[in-house]
Amino acid sequence: VAHCKGFFFCGQEPFVADEYIERLAWRTPGGGSRGGEAFDPKRLLEEFVNHIQELQVMDERIQRKVEKLEQQCQKEAKEFAKKVQELQKSNQVAFQHFQELDEHISYVATKVCHLGDQLEGVNTPRQRAVEAQKLMKYFNEFLDGELKSDVFTNSEKIKEAADIIQKLHLIAQELPFDSLMGFCCHPLSSPGKYHDLECQLIQEFTSAQRRGEISRMREVAAVLLHFKGYSHCVDVYIKQCQEGAFLRNDVFEDAAILCQRVNKQVGEIFSNPETVLAKLIQNIFEVKLQSYVKDQLEEHRKSDAEQYLKNLYDLYTRTTNLSSKLMEFNLGTDKQTFLSKLIKAIFISYLENYIEVEIGYLKSRSAMILQRYYDSKNHQKRSIGTGGIQDLKERLRQRTNLPLGPSIDTHGETFLSQEVVVNLLQETKQAFERCHRLSDPSDLPKNAFRIFSMLVEFLCTEHIDYALETGLAGIPSSDSKNANLYFLDVVHQANTIFHLFDKQFNDHLMPLISSSPKLSECLQKKKDIIEQMEVKLDMGIDTLNCMIGQMKHILAAEQKKTDFKPEDENNVLIQYTNACVKVCGYVRKQVEKIRNSMDGKNVDTVLMELGVRFHRLIYEHLQQYSYSCMGGMLAICDVAEYRKCAKDFKIALVLQLFDTLHALCNLLVVAPDNLKQVCSGEQLANLDKNILHSFVQLRVDYRSARLARHFS
């Protein structure tokens with residue numbers, strides 16, 4: 001069994017000795033592996049010995065076979081090595097033969113090249129001599145005056161005839177002048193024939209172009225390339241290309257389509273397509289476009305500036321757009337400069353004075369828009385405000401000359417129009433767009449500034465500033481009854497308009513001047529405008545005097561002495577007086593109007609000023625009356641209502657003033673024994689004693705000894 005441990009049986013799993021012995025014992029009778037069978041060790045031993053002998057015999061047989069196979073393998077390896085050596089020797093021999101063959105081929109090739117050079121050296125002069133002989137023959141035919149050669153009489157050989165004529169023409173140019181004169185005078189002379197053949201070739205090219213025969217056109221163009229009339233051939237091609245190409249109204253679109261079609265075709269015909277295409281484009285610009293632009297512009301140049309500027313902008317834009325499309329084609333090295341020169345040649349006479357026309361039109365148009373508006377209002381515009389910012393500041397400081405000059409009744413008209421503003425801004429926007437397109441880059445900031453100055457003059461000065469001046473002049477005096485405060489409407493509209501003005505400044509002017517010194521100049525001009533308008537708005541603060549005046553009239557008309565000293569103390573049915581109701585209603589409307597008319601910090605500034613004046617008015621008003629106990633309660637109710645109204649101001653100082661006033665009114669009703677305690681309270685402790693005393697004096701029971709004693 002030990003000899004068989006490493007053996008493999010064909011088609012079976014690897015040999016395992018333990019399993020093999022188990023199977024052998026199971027098959028042997030008396031082996032004891034099967035149940036119910038007596039164990040017979042002798043028989044099992046005998047069976048094992050026999051199997052060992054069989055395995056030994058098998059091992060010897062297999063060993064002999066292995067040795068035989070090893071011997072055979074060694075023999076075949078020696079034979080294979082011998083064959084490889086023989087093949088290597090054969091390969092070396094073949095390689096040597098290949099090297100010898102290569103050297104031989106190189107030697108032969110060198111001889112052949114040398115022989116070819118010798119043959120060429122002999123053949124080239126011979127060919128030249130043959131060609132010279134042919135040319136002399138053709139030259140003699142011209143001298144004899146009779147062309148007999150087939151190349152001159154056969155129209156199919158026009159290409160060969162052209163080559164001969166070209167060479168004879170060069171020869172004729174080398175002849176002495178006397179001989180050349182005699183030769184040229186001959187009717188069949190080479191120069192004459194040269195011209196005739198050239199015309200014939202051009203005619204052939206023209207006919208081929210009309211028939212659409214590209215290959216024939218290419219052949220004729222190649223022949224004409226060496227003739228003087230080649231440029232004429234190109235001119236004919238360009239002329240015929242344009243026949244029927246400009247039938248629509250849009251000459252720019254027609255030009256683009258034509259150039260695109262020729263660009264695909266010209267490379268198949270000419271050896272220098274970029275030159276031909278450039279010449280076609282130059283012809284289109286100098287003839288078609290220049291003529292079209294002139295017709296469109298000269299018609300309105302002197303009669304209608306608006307239409308002239310629109311046409312100029314439109315034509316220049318469409319021309320530059322066409323140029324951008326043509327940039328896709330191969331037109332040579334510097335096509336950008338080439339196209340720019342063509343555009344400049346068309347528009348130079350119109351662009352030189354463009355800005356003068358623009359400013360003149362903008363000025364007249366803006367003046368007409370404003371005048372038309374004032375005419376619609378039946379208003380005769382008048383000069384009412386003069387002087388600069390410093391003069392305005394001085395008038396504001398002194399609070400004099402308000403209203404400005406004689407009072408003007410505007411009948412509720414603000415003299416500001418959204419439609420006018422939109423029209424002016426639209427005209428200026430279009431002017432900025434034209435300026436951007438039509439101005440030379442070096443002149444762009446300067447021209448944009450001039451347009452901006454026109455906008456400032458007519459929108460800011462002639463319209464907004466005039467409305468503010470008129471509004472200031474229309475502010476009624478503080479003692480006017482039923483005064484209408486239209487100045488706040490002016491402020492509201494002016495504020496809205498200026499936002500539109502500022503938007504156009506940022507959107508359309510800034511991109512044109514952002515990188516130039518004109519930027520600071522424009523910003524300064526804008527700052528001056530804002531400052532001047534703010535000064536005039538500040539001057540309009542006198543509108544608050546009118547508001548206070550209106551409140552005085554309401555209080556004077558509605559407030560009665562019996563309101564705070566009723567005859568029947570036990571029969572008071574109202575919560576607050578009628579005067580208080582009307583004043584609060586009026587104040588709330590004015591606060592809302594101020595909020596709608598202004599924005600930013602201006603709202604808080606004006607409301608604070610109005611709130612302080614409102615408080616002083618109510619304070620002084622309450623000082624005019626005597627108060628009974630019930631009247632004092634009613635006064636407290638009125639002040640409480642005024643305080644609610646003061647909350648709408650949303651100004652802390654104003655609310656604090658009315659809180660203090662409400663606390664002062666408590667002195668009108670508090671019991672005499674509690675006066676000192678109330679006066680030392682949080683809200684009244686810091687007030688001057690005279691103020692407290694003045695309120696206590698308003699009580700009807702003040703003269704009683706008890707009250708005077710307690711307060712003192």
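Student: Which side chain does Arg450 join in a polar contact of 3.0 Å?
Tutor: The partner is Glu356, and the contact runs between the two side chains. Please keep in mind that this is a predicted model.

Student: Where is Arg450 found?
Tutor: Arg450 belongs to helix H16.

Student: And which residues does Arg450 touch, leaving aside those up to four places away in sequence?
Tutor: Arg450 touches Ile355, Glu356 and Ile359. Ile359 is 91 residues from Arg450 in sequence, yet their C-alpha atoms are 7.5 Å apart in space.

Student: What about Glu469, buried or exposed?
Tutor: Glu469 counts as buried, because its relative accessibility is 4%. Glu469 is also placed in helix H16, which spans residues 444–473.

Student: Which residue does the side chain of Glu469 meet in a polar contact?
Tutor: The side chain of Lys536, at 2.6 Å.

Student: How does H16 pack against helix H17?
Tutor: The angle between H16 and H17 (residues 487–513) is about 175°, and their axes lie 11 Å apart. H16 is therefore roughly antiparallel to H17. In that contact there are 21 nonpolar residues, two polar ones and no charged ones.

Student: Changing topic: at what angle do the axes of H22 and H23 cross?
Tutor: They cross at roughly 175° and come within 9 Å; H22 covers residues 629–647 and H23 covers residues 652–665. H22 is therefore roughly antiparallel to H23, since the angle is over 145 degrees. By class, 10 nonpolar, one polar and three charged residues make up the contact of H22 with H23.

Student: Which residues meet there, in H22 and in H23?
Tutor: On the H22 side, they include Ile636, Tyr642 and Arg643. On the H23 side, Phe658, Asp659 and His662 are among them.

Student: One last topic: what pLDDT does the protein average?
Tutor: The average is 80, and 78% of the residues score at least 70. Over residues 1–11, however, pLDDT stays under 50, and the model has 15 contacts beyond four places in sequence for them. Residues 179–190 also have a pLDDT below 50, with 24 contacts beyond near neighbours in sequence.

Student: How should the predicted coordinates be read where pLDDT is low?
Tutor: In such places the predicted coordinates should not be read in detail.

Key. Residues numbered from 1 in each chain as written. Heavy atoms only, no water. Axes fitted to C-alpha atoms, helices over the stretch in contact; angles between N-to-C directions. Helix = DSSP H or I, 4+ residues; strand = E, 2+ residues; numbered from the N terminus. Parallel < 35°, antiparallel > 145°, perpendicular 65-115°, else oblique. Contact = heavy atoms within 4.5 Å. Nonpolar A, V, L, I, M, F, W, Y, C, P; charged D, E, K, R; others polar. Buried < 20%, exposed > 50% of the residue type's maximum accessible area, 1.4 Å probe, protein only. Polar contact = N/O pair within 3.5 Å; in protein donor to acceptor, adjacent residues only side chain to side chain. pLDDT = per-residue confidence, 0-100.
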